[in-house]
Structures are given as C-alpha cells and as structure tokens.
Amino acid sequence: MKKLTPDQIEIIQDKRINELRKYKASLMVCAGTGCVSAGSLTLKELLDNKLKKKGLQDKYLVVPTGCNGFCAQGPILVIQPQGIFYQKVSSEDITDIIESLENGTYVERLLYKDKESEISIPKMENIKFFGKQKLIALRNKGIINPENIDDSIARGAYLSLAKVLHQMTQEEIIEEVKKSELRGRGGGGFLTGLKWEVSYKTGKDRNKTPYIICNADEGDPGAFMDRSIVEADPHAVIEGMTIGARAIGASEGFVYIRKEYPLALKRLRIAIKQAKDYGLLGENILNSGFNFETHIHRGAGAFVCGESTALIASIGGKAGEPIASYIYPAETGFRNNPTIVNNVETWANIPVIIEKGADWFASIGSIEGSKKSTGTKVFSLVGDIENTGLVEVPMGITLREIIYDIGGGIPNGRDFKAIQTGGPSGGCLPKIHLDLRIDFDTLTEAGSMMGSGGLIVMDDKTCMVDIAKYFIDFLKDESCGKCTPCREGLINLSNILTRITKGEGKENDIELMKEIAETMELASLCALGQTAANPVLSTIKYFRDEYEAHIKDKKCPAGVCKELIKYKINDNCTGCTICAKNCPVDAISGKPKEMHFIDQAKCIKCDICNEVCNFEAITVE
Amino acid sequence: MKTISVNGNSLKWEQNMTINVIIGKMNYTFKMLVVKVNGELIKKTEYDMIIIPAAADVRIIHLISGG
Amino acid sequence: MKDIIIDGKKISVKEETTILDAAKELNIEIPALCHRPTVEAYGACRLCVVDVNDGRKTRMVTSCNYPIRKSIEVNTQSERVRKTRGMLLEMMLSRWPNVDVIKQFAAEYKVTKPRFIHPLVDYSSNACILCGLCVNACSEIMWEDIIGFAGRGESRRVVMPFEKHYDACVGCSTCANICPTGAIKMIDDPNQPADSKRIMKYGSKIADEMVLMDEEQCDMRGVGTAHLAQIMNDYDLFPTCNYKFGSHKDAGGLHSDVFKQKYITQGLPDGCWLGCSMSCAKTVEGYELKTGPYKGDKVLIDGPEYETIAGCGANMGIFNPEFVLEANFYCDTYGIDTISFGTGMAFAMECYENGILNKERTGGMEFNFGNEEVGLEALHQMGRGEGFGVIVGQGIRRMKQIFAEKFDLTKKQIKFMQDIGMEAKGMEYSEYVTKESLAMQGGYGLALKGAQHDEAWLIFMDMVNNQIPTFEDKAEALHYFPMFRTWFGLMGLCKLPWNDVEPADNAETDEPAKVPGHVEGYVNFFSAMTGKEIDKHELILQSERVYNFQRVFNYRLGFGTREHDSIPYRSAGPVTIEEYESRAERYDKQLVEKWDYDIKGKTSEEKRDYLRKMREADYQKLCDAVYKRRGWNENGIPTIQKMKELKMDLPEVLAVLKKNN
C-alpha cells in the first residue's frame with residue numbers, strides 16, 4: 001500500500017464518492033453491538049446473497065454500519081439516499097424489502113410508528129428521535145462501513161489532518177481548540193485546549209516528549225456512547241488523536257479500551273491497520289515529517305481505570321490506583337512525561353473543529369454567560385423511556401425535550417419520576433428540573449453532573465432509595481480501596497442503605513449518611529470517591545419523604561423493596577387460578593372461581609403472580 | 001600578610017572570607033564535611049554567612065573512610 | 001522560595017516542599033497514619049487533610065503530598081477539617097476498634113464510640129489498617145515487590161503473590177518495622193537472635209539513614225563504591241599509571257555519573273546480601289562484549305566497584321568506561337581479582353615503558369599505558385593459560401623474580417622493579433595513592449594479609465584533615481581502626497553501613513571519623529544477637545585477640561616481622577624525576593619545612609634522593625610507634641605479656657613465642 005500525500009486523500013475521496021453514486025440505493029444495515037446481537041450480520045449476509053441471486057448486486061449496495069442509536073428497535077436497516085427507516089427487520093422481510101426497492105415503495109409493517117398519533121413515518125429525518133439530533137461526533141453513524149477506510153475518507157476523514165500538518169503550526173492548532181471552548185466529554189469537563197497547552201508547554205520546558213491517550217474505558221453501567229463511536233467511526237477518533245499528537249508534540253499514543261468491547265476493539269484494530277497502510281499513522285505522515293504511532297491497551301474490568309491517573313498506572317503495568325490530583329497528568333503523567341488523556345467523544349470532535357472552524361463549533365450549544373458548554377453531547381438514553389438509544393444533541397437542550405420529544409416519553413402510561421444523569425457518580429433530578437437546560441455547569445449546580453452522558457429515566461414505580469443503593473453497591477465494588485473515605489464510606493453507606501431497604505432503618509440514618517457523604521466529597525483521593533455519594537445526596541435532597549417512609553413507616557411507596565411490600569389479592573380476582581399455578585413457592589391458595597389468598601409467610605415477592613394476572617387483581621403495597 | 005590555618009595549612013586571609021570561599025580555594029569537592037572555626041561547629045546552612053576572622057583555626061574534616 | 005502562612009504563622013519554604021514538612025518546621029503537628037519520611041507520600045489514610053486557600057478558592061487537600069508552588073494560606077485545624085478527620089477516624093475505629101494508633105488519634109478528635117457497625121469489623125489490636133506502608137517500604141526501600149495489595153474496595157488486602165508464601169522474602173523486617181499496628185510478624189528466624197526487637201531498633205535506624213541521607217552523601221544505592229572515583233581524582237589520590245600520579249585530565253570518563261546515566265541499572269536490589277537496605281553492589285545489564293570468547297553476547301556485569309574502575313582504568317592509563325566494564329566481566333568470568341589484575345598490569349606496563357620488557361619479551365604486545373587492546377588480550381591470555389599473560393597473571397612478586405631470572409637486566413633495573421612493583425607481602429596494592437600519607441603507608445604495609453585497606457583507611461584523616469600529625473597519633477589510629485574494621489570480618493558483617501552512610505548529627509559528635517552513632521548500633525547488635533552484653537571497648541578487644549593471634553600465626557609460618565612489613569618506595573614517595581617534578585612544590589616545601597633541607601641549587605635528582613632517605617626513615621619510625629602501641633617488640637612480634645593481657649596466652653601461642661624470645 002502506498003503512503004498517501006494530501007492530494008491523494010482527495011483523489012480517494014472523489015473516487016469513493018463516485019463509486020457509491022453508481023448504486024441506486026445503499027442498504028445500511030446497522031452493525032452496532034446491539035443490532036449484531038439481534039442478528040443484523042446474518043441479515044446482511046442474506047441480503048447480499050439474495051441480491052446476488054437476483055443479479056441486483058451492482059444496483060444496490062449492502063453496507064454494515066455503526067450504531068444508529070435506536071437500539072431497542074433493532075435490527076435497524078436504513079435505505080439511503082432516500083432515508084427510509086426500517087426497524088425490527090428480520091430475515092423474513094428481505095424479499096419484501098428488495099421488492100419495495102425495485103418498486104419505489106415501502107414495507108409498511110417495518111416502518112416506525114409514532115406512539116401517540118399512530119402514524120407511520122417512513123423517513124428517518126421526520127422521526128423526532130433522529131430529527132432533533134445534531135451530529136458532530138456521530139456524524140458518520142449509520143452512513144459508512146467502519147471497516148473500510150475509503151468510506152471514511154469519502155466522508156472527509158483525514159483532510160483535517162492534512163490541513164493541520166501542512167498549514168498550521170502547533171500553537172495554531174492549540175489556539176483553535178481553545179477558541180472552540182470544547183470541554184472534555186468524559187465527564188471532567190475541562191477545557192480541552194487549555195489542557196493541551198499545558199502539555200505542550202511542559203514538554204518544551206522540561207524537554208520531555210508528551211503522550212496522547214484515548215480513554216475508551218467507559219465504565220458507567222448502561223453507557224455506550226464511546227463504544228458506539230468507535231464501532232461506527234473509528235477513524236474519527238484516530239484522526240482526532242493524531243491531530244492532538246501533532247499539537248502537543250507527541251509521537252506515541254494509546255487507546256485504553258475496556259476488554260468488554262470486542263466489536264469496538266475489532267473495528268479499532270482494522271482501522272489502525274488501514275490507516276497505517278495508507279501512511280496516515282507511522283512515520284512521516286502525509287509527507288510532513290511528523291511521526292505518530294498508536295497502540296491499543298485493553299482494560300481488565302475495573303471501573304476505576306477510567307480515572308486518568310489510574311488509567312495511566314494501568315497502562316504502565318501497575319494496579320489501577322489513582323494518585324493525588326495535585327499532580328496533573330498534563331504535566332506529569334505516563335512515564336513521568338506530560339500526558340493528555342481525552343475521552344473518545346472529545347477526540348471525535350477534533351477533526352470537525354479543524355474543518356469547520358472553532359467559531360462554528362463555539363456557536364453551538366450552551367453559549368450564554370461566562371460558563372459555556374459549546375458543541376454537542378452524545379447521551380445514552382435508557383431506562384423507563386419509549387425510545388431507548390443513543391442521541392447526540394446540542395448542549396443546552398432541556399431535559400423535557402430529550403425525554404419527551406426525542407425519547408418519546410414514559411411507556412406504559414406511567415409518570416416521570418426522576419432522571420439519573422452522569423453515571424453512578426451522578427445524581428437524580430426530579431420533575432422540577434425537567435426544564436433544566438443541560439450543560440456541564442447546570443447539572444452540577446442542580447446536584448448531579450454531566451459525567452460521560454448516561455441518562456437513566458425512571459418512572460413512578462422506581463424506589464429512589466433502592467436506586468441509591470444500587471449505585472452505591474456498584475461503586476463499593478469498584479472502589480480501588482486505597483483511601484479511607486471512599487472505601488469505608490461506601491461500605492458503610494451500602495450497609496445503611498441495605499438496612500433501610502430491609503425495614504431496619506434507624507432514626508439518624510439520613511443525617512449520618514449525609515455526614516459520611518460530606519467527608520467523602522471533601523477528603524477522597526479521586527473523583528470516584530469525591531462524587532460517589534451523589535446518588536445518596538441527590539435522592540435525599542429531592543426524595544427525602546421516600547427515605548422517611550422506609551425508615552419511620554417501614555414502607556416502600558414505589559413498591560420495590562421486597563421486605564417492605566406485601567402482595568395482596570384484591571376484589572378484581574375472578575378465581576382463574578393462574579396465579580396459584582405459577583407461584584413458585586405455592587403461597588397462593590383458593591378454589592376456582594373464588595377469591596384467592598396469598599400466604600404472607602411463604603410469599604417471596606417475585607412478582608410472577610402480578611405478571612400473569614390478567615385482571616389486575618394483585619395489589620403491591 | 002594575614003593568614004588563617006586550614007587543617008594546619010597556612011592560607012592567605014582575605015576580607016569577607018566565608019567557608020564556601022575557603023572550600024573553593026582548597027578545592028574541597030567532597031560533600032560530607034564537618035567544619036569547625038576556632039573549635040566551634042559551623043552548620044552547612046551557615047557556610048555562606050559566617051565571616052572568618054584573620055588568624056582563625058579552621059578545621060574542615062572530611063568524613064570519608066573508603067570502600 | 002515561597003512565602004506561605006500556616007495557622008497564621010508565616011514561613012518561607014523551597015518550592016515543592018509539602019505542607020506537612022513545612023508545618024513540621026513550624027512545630028505544627030498534623031495527624032498522619034500512612035506517612036513516613038522514608039517512603040513517598042501515599043495519600044491513603046487522608047487524616048492529614050488541611051484547608052488550603054490559594055487566592056482563588058479554598059479546597060481540602062492532603063498535606064503529606066501537596067506541593068507548595070505559590071503563596072498559599074493553610075488552616076490545619078478549621079472546623080470542617082476537624083470534622084472531616086473526626087469522621088475518618090470514626091470510620092476507621094468502627095472497622096478496627098482495638099488498634100492503638102487509631103484509638104489515640106480518635107481520642108484527640110473526641111471519637112470514642114462509632115455510630116455505625118462496620119460489616120467487616122476486626123477486633124484484633126494488630127489488625128492491618130491498609131495504610132500501605134509495608135508495601136511501599138518493600139518496593140521503595142528494598143526495591144523488591146514481595147508484598148502488594150490484592151483485590152479492591154472491601155476485599156483490599158496485603159498479600160504475597162497468589163496469596164502463597166513467597167520465598168524471595170528473606171525476612172529483612174523492613175515491613176514489620178514500619179507497620180504501625182504490628183500486623184506483620186517475623187517468624188522462623190534461623191539465627192535465633194536473643195532480642196530481635198533491639199536489633200530491629202538499631203537496624204531500622206541505619207535503614208532510615210540509608211533512605212533519607214545516602215543520596216546526598218555517597219549515593220551508595222545509586223552507584224555503589226564507584227562514587228569514589230571523582231573524589232579520589234579531585235584530591236590527587238586516584239592511582240594513575242602505576243601510582244605515578246594521583247589525577248588525570250581524562251578522569252572524567254570514569255566519573256560515577258557516566259556509569260549511572262549510561263550503564264548501571266537503577267532501583268534493583270543486589271544479590272550481595274539479600275535484604276540489605278544499602279544494596280550497593282551495582283550491575284550493568286545487557287552490555288555487549290567486544291572481545292573474547294563471548295564477543296557479541298549481551299551480558300550482565302557485576303560491578304563496577306571503585307577498585308575496578310581505578311585499577312582496570314586509571315592505573316592502566318585507560319579512561320574508557322567500557323574498557324573497565326569489559327575487564328570487569330572477564331576478570332569475573334576467569335576468576336581473576338580485578339585489583340591484582342589492574343595493579344599487576346600497571347607494573348608490567350611501566351616495565352615495558354622503561355625497557356625492562358619489550359615486544360620480544362611480551363610476545364608482540366605493546367604494553368604501553370593506555371593500550372586497551374593489549375589490556376584485554378593479556379587478560380584473555382591469562383584466561384586461556386597461554387602467552388605472556390600467564391606471567392603477568394602470577395602477580396607482581398613473581399613477575400619481579402621471573403623478569404630478573406629470564407631477562408638480562410641490570411642491577412638498576414632490578415632495583416627499579418623493586419621500587420615500582422606495588423605489592424606488599426606478595427599481594428598487589430589496592431587502588432589508593434599513599435605517597436603523601438605516612439599513616440596510610442602504614443595502613444597498607446602493616447596489614448596482616450597484604451596491601452589492602454580492609455584494616456585502615458586513613459588517607460583523608462592524615463593528609464587532608466591533618467588529624468593525626470604525630471607518630472603517636474598515627475600509631476593510635478593504626479591501632480583503633482584496624483581493630484575496629486576487622487571486627488566486621490569476624491562477625492561476618494559488611495562494614496559499609498558503618499561508614500558509607502552517616503547519621504545526620506554525626507558532625508556534632510566528639511569523634512565523627514569513628515561514626516560513634518553507628519558504633520553504638522553495632523555494640524547493641526552484637527549484644528542483642530548473642531545475648532552477651534558488650535560495650536565498645538570489649539568490641540575492640542574481641543578483635544584485638546584474634547588480630548594478635550593471626551600475627552603469631554604469620555610469625556609461625558616464617559613471616560610476621562618488621563622485614564615483611566616493608567613497602568615498595570613508589571608507595572611512600574616519588575621514585576622517578578618525573579614524579580618528583582609533578583609535585584615539586586609540595587616536595588620542596590616538605591624538605592624545607594619538615595627537615596630543614598636547603599633546596600637552593602639542588603637538582604631534582606638530589607632532592608628526590610634526600611626525600612627518599614627521610615621518608616624511608618619515617619616509615620621505620622612509624623613502625624616503631626605502631627609496634628609499641630600494639631604491644632609488640634621491636635621486630636613486630638607480639639610479646640608474651642601482650643598475649644597474657646589479652647588472655648590469648650594459649651599453649652600453642654606461647655610455644656611459638658617462647659622459642660624465639
């Protein structure tokens with residue numbers, strides 16, 4: 001493979017665009033992990049075979065793409081350039097799909113139906129979930145085959161790198177990123193340009209070569225932003241890293257990717273190899289004299305390794321333990337050299353900032369006042385929400401818009417209760433904050449945080465004490481255990497919360513938890529410990545009555561905490577005996593056509609009777 | 001000519017002579033030194049501060065015992 | 001320097017000083033559990049938190065590792081700091097309610113009864129509190145990683161690898177010593193010391209000094225004895241070209257910095273004495289050999305020690321560090337002592353440069369000073385057992401005999417060999433220039449086993465410090481130091497921890513050259529090891545008994561008299577005109593001041609010869625004084641009276657002494 005010059009990138013770009021134009025339509029089969037696990041790769045194979053059989057392989061191209069974001073409705077298939085959106089596609093639908101292509105029609109049953117109006121919406125751009133998004137980091141999702149570098153180049157990949165290498169000085173690159181006011185998307189929210197400047201200057205002052213690291217550890221439960229970016233558009237990340245390396249003077253970089261992402265890892269490896277073959281990584285990139293190599297380092301299952309200093313220790317072969325935050329990795333990091341650790345999403349934004357300019361980027365997002373959050377953010381929207389999936393929206397969008405417009409509201413006719421933002425260290429925000437304009441600072445002020453972009457929606461059947469316990473238990477397992485407040489604080493918080501959910505709460509438990517939380521916030525060594533008490537603090541702040549119900553009344557109002565709820569059969573009972581037949585512990589007794597009765601001593605609160613009852617005769621209280 | 005004695009050797013005395021000056025003149029590059037002026041111990045932090053008077057008996061003991 | 005304020009008090013400190021250290025200077029105590037000066041601040045217990053106002057905002061930081069970089073205001077006892085510490089102690093106390101050090105701190109913060117029940121409560125008073133001191137000490141002080149943390153969060157614990165006993169642990173007790181709760185026990189000590197706690201007390205003192213002071217003192221942990229090269233060169237004591245000179249303009253090539261930066265592996269424990277906190281036996285890893293049977297191989301070189309650097313370097317007129325390394329390796333491989341090799345080669349080289357040897361006699365090798373190729377070829381010949389190298393390999397005493405027998409030499413040449421052949425009692429001199437130190441001439445010449453400084457190393461005391469001006473002073477030093485230094489050999493101990501690192505207050509003691517703080521340590525060590533209490537005088541007597549016995553032993557074999565305590569003149573003064581003139585000012589001065597010699601109009605030759613007469617006489621006078629001090633007769637033989645005093649009047653000893661008295 002020849003090593004490319006800048007001109008040659010454009011040649012490949014034109015070539016690929018022209019190649020793709022020859023097809024009447026492209027069938028974009030979503031091959032993100034979600035859809036793959038639903039069988040989308042098999043689907044792709046079958047499509048290829050069918051088209052070939054029919055001699056249509058030169059008319060229609062099947063492209064496996066990265067995640068579209070509409071994960072609960074997978075496998076997803078999008079027909080481009082028409083933009084027709086099909087969901088829950090199976091192998092049985094292939095014949096009809098191909099027919100509809102030839103006839104210029106749709107396959108009705110595969111279309112998205114708006115829940116409220118019940119109208120089918122054939123075009124992707126008209127579906128609110130997609131229409132309201134603004135794609136920068138995910139600009140190529142669902143449009144390219146991530147395992148073919150020419151597809152990325154067709155969409156403009158590596159042109160920013162060429163610009164940076166041949167038309168900009170290091171200082172100019174850093175200045176541009178500073179001007180964009182891009183803030184770290186991993187959760188820290190530091191101004192990326194400033195961080196780069198520190199490493200650049202430290203490297204020069206101390207005569208030390210800086211390092212570039214991409215944090216793809218993504219440990220938050222339920223978060224899959226970074227995974228999707230790497231699966232959909234790995235070149236965006238690689239190009240971003242290379243630009244960053246040029247800016248600060250690094251020649252070596254690492255992608256720290258969690259072991260639990262095999263597909264993302266595979267795509268990354270392919271992308272790095274293809275970039276290398278084109279000379280876009282390695283020595284003398286694009287004839288500029290600049291060298292940059294990037295290596296992949298896999299995590300080994302520790303949430304704490306998403307913390308920069310723990311991550312750096314892990315790459316160095318040591319246990320993932322953070323060190324004092326007064327030692328900035330930007331100055332003293334990997335091998336004691338200045339090191340930039342940025343999140344996947346941050347890197348993916350860089351090529352676009354170079355291409356379209358800092359001013360353009362800085363005009364998007366939450367841009368009023370002195371504390372800005374420019375650009376967009378990728379969020380994973382999960383939980384009790386109609387449209388589960390991945391979205392990229394401008395900073396400053398309201399929670400209400402995300403939940404109701406994009407997310408389609410709460411399913412099953414239930415009510416919104418709270419939204420947890422920012423991963424386990426985030427906080428829960430109640431209804432009163434629905435009109436909050438989301439950005440780094442507003443979320444923190446409200447008692448939560450942006451984090452890496454997880455949004456967990458909860459309906460009114462959620463017990464907030466139980467939620468707090470869930471996150472505290474997660475963090476307790478993931479705490480590295482080095483410092484007292486985090487290790488002991490989480491153990492004790494978990495213990496107290498468990499007692500409360502079991503009906504063993506004591507009167508001063510809430511105040512005690514607040515004291516522990518305060519100590520954790522002030523005295524913990526790293527951000528994990530400092531923010532670990534947020535789930536407890538925010539739920540106490542907004543849902544104190546629920547805690548008090550658990551502690552004083554020994555009741556769980558949402559009907560979740562097993563020790564505090566009772567399953568009873570009410571008047572609606574028709575005596576159909578289904579519940580009794582399905583009860584795993586034989587706790588239900590009753591004659592046919594007569595009201596049945598649950599033995600409280602035997603009942604294990606598994607909820608099966610409630611699930612199988614067709615008459616809403618089970619009351620949980 | 002005014003002199004001082006450094007480990008029994010005669011050295012020409014100068015105005016504003018400090019221990020560091022003497023160490024420089026004697027080319028004493030070794031680091032572990034015990035310095036006494038007229039029997040009084042001088043701490044390392046004072047090497048630049050104490051002015052040595054004429055006719056002083058300066059002892060600069062090297063603490064080295066070989067390996 | 002930065003001006004800061006702690007609790008309202010002002011202080012000026014060097015940048016990067018930690019708040020904890022700055023507070024110490026102000027006598028402000030900040031509680032800390034996981035901090036010791038000998039290991040890097042770990043920041044785990046968090047007790048040392050303080051409030052810091054940097055002008056923009058106030059934040060709570062750990063004072064143990066927060067570096068002062070600008071003018072800050074610190075509050076070590078603010079309400080929220082106290083509250084935080086109280087909560088931390090409450091958490092610790094709930095998990096480890098009976099650990100003394102936690103109880104003590106907790107009481108200070110009025111925490112006595114925790115408000116929660118810890119699910120992992122450990123009632124042992126020796127519980128491990130996860131402070132990490134043991135792990136960090138093993139890693140940073142001993143450069144081993146025999147223990148470490150396993151698990152995270154609530155399953156965090158200190159273990160050996162795979163939670164099995166790891167026999168790389170030699171029981172150095174560093175971890176047990178630094179543990180604040182006694183959670184680590186020493187078990188199974190095959191030496192069965194009488195009082196191990198007492199040993200640990202003094203041993204840990206030296207270990208602490210090693211960590212805190214060594215780098216700025218001798219840097220034994222960094223380069224070992226190699227640090228001496230530049231010192232000797234600076235003081236004109238670096239043996240150059242067979243001890244002709246004491247320094248050389250190219251000696252920088254053998255500076256320990258060169259070895260440290262390019263060759264010596266840092267931060268690894270050595271195999272000399274497992275568990276030693278000095279760990280000064282350095283190695284060079286992955287060195288590619290240029291010559292010999294292993295040419296091209298990348299090898300590990302055990303060294304280089306100072307003696308090798310000087311002997312296989314400057315003394316041979318070579319200042320290339322890689323020559324030293326290669327010679328070091330092959331000497332070790334062939335089983336050849338590097339000192340004997342270096343000093344022996346230096347002798348042969350000077351013989352060559354003075355016509356005693358020539359190409360015909362050396363088998364074609366040009367034995368000039370500085371000839372690296374010949375230097376190594378001769379070594380390989382020694383190894384192979386062929387060629388001229390074999391003759392050099394028999395040592396200077398035999399070389400002198402062989403040359404005199406085999407080659408047609410003049411009387412003058414034979415005398416010259418006597419003068420420049422640096423051996424005493426048949427053993428080659430180790431690498432220090434004794435020319436200007438009468439005491440050290442005695443140190444080498446009077447040593448029982450030959451010319452080595454195991455017994456006495458007095459050059460600086462004598463020449464530079466001028467602490468032993470009279471014969472009696474020198475004799476006293478030649479009594480005390482040989483007795484003290486050989487005691488280590490009797491005990492199987494290394495003497496380097498005695499004098500190659502010093503306590504911070506050593507300068508203020510009465511006799512800093514003796515390092516009294518450490519003498520006390522060794523006295524206690526012996527007493528605690530054996531259960532037999534001794535003092536520093538008894539220590540000397542222990543040595544004196546054996547020493548005198550050894551002298552009698554020598555005597556029985558036909559040596560051990562004044563005749564055998566003789567030294568070659570090169571070790572006592574300038575043999576050649578060139579040597580005289582290289583230090584003319586010094587020698588002229590001595591002739592005039594010490595012996596009232598009129599140097600006006602005298603040639604260098606005349607002055608040299610007179611100096612020699614005086615110096616040779618001085619050496620004999622030194623012997624007189626030393627024998628007297630040691631209780632020996634004029635011929636250097638221990639008297640029966642002396643042996644009786646020492647209670648060494650054993651029958652076999654008396655038999656020897658009576659025969660000849």
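Buried means under 20% relative accessible area, exposed over 50%, partly exposed in between (1.4 Å probe, protein chains only). This is a predicted model: local features need pLDDT of at least 70, side-chain atom pairs count only at pLDDT 80 or more, and totals for chains, interfaces and linings use all residues. Residues are numbered from 1 along each chain as its sequence is written, chains are lettered from A in the order written, and side-chain values use heavy atoms, without hydrogens and water.

Q: How many of the 8 residues of helix α18 (residues 438–445) of chain C are buried?
A: Helices here are DSSP runs (H or I, at least four residues), and strands are E runs of at least two, numbered from the N terminus. Leu438(C), Met440(C) and Tyr444(C) are among the buried residues of α18(C). The helix is largely enclosed by the rest of the structure, because the buried count is 8 of the 8.

Q: Which residues of helix α16 (residues 399–406) of chain A are buried?
A: The buried residues of α16(A) pack against elements including α5 (128–131) and β13 (376–383) of chain A, where contact means heavy atoms within 4.5 Å. They are Leu399(A), Ile402(A), Ile403(A) and Ile406(A).

Q: How many salt bridges does the rule find across the interface of domain 1 of chain A and domain 3 of chain A?
A: Domain bounds come from an automatic or database domain assignment, which gives domain 1 as 19–131 and domain 3 as 370–459 in chain A. A salt bridge is a side-chain nitrogen of Lys or Arg within 4 Å of a carboxyl oxygen of Asp or Glu. Across this interface the number found is 0.
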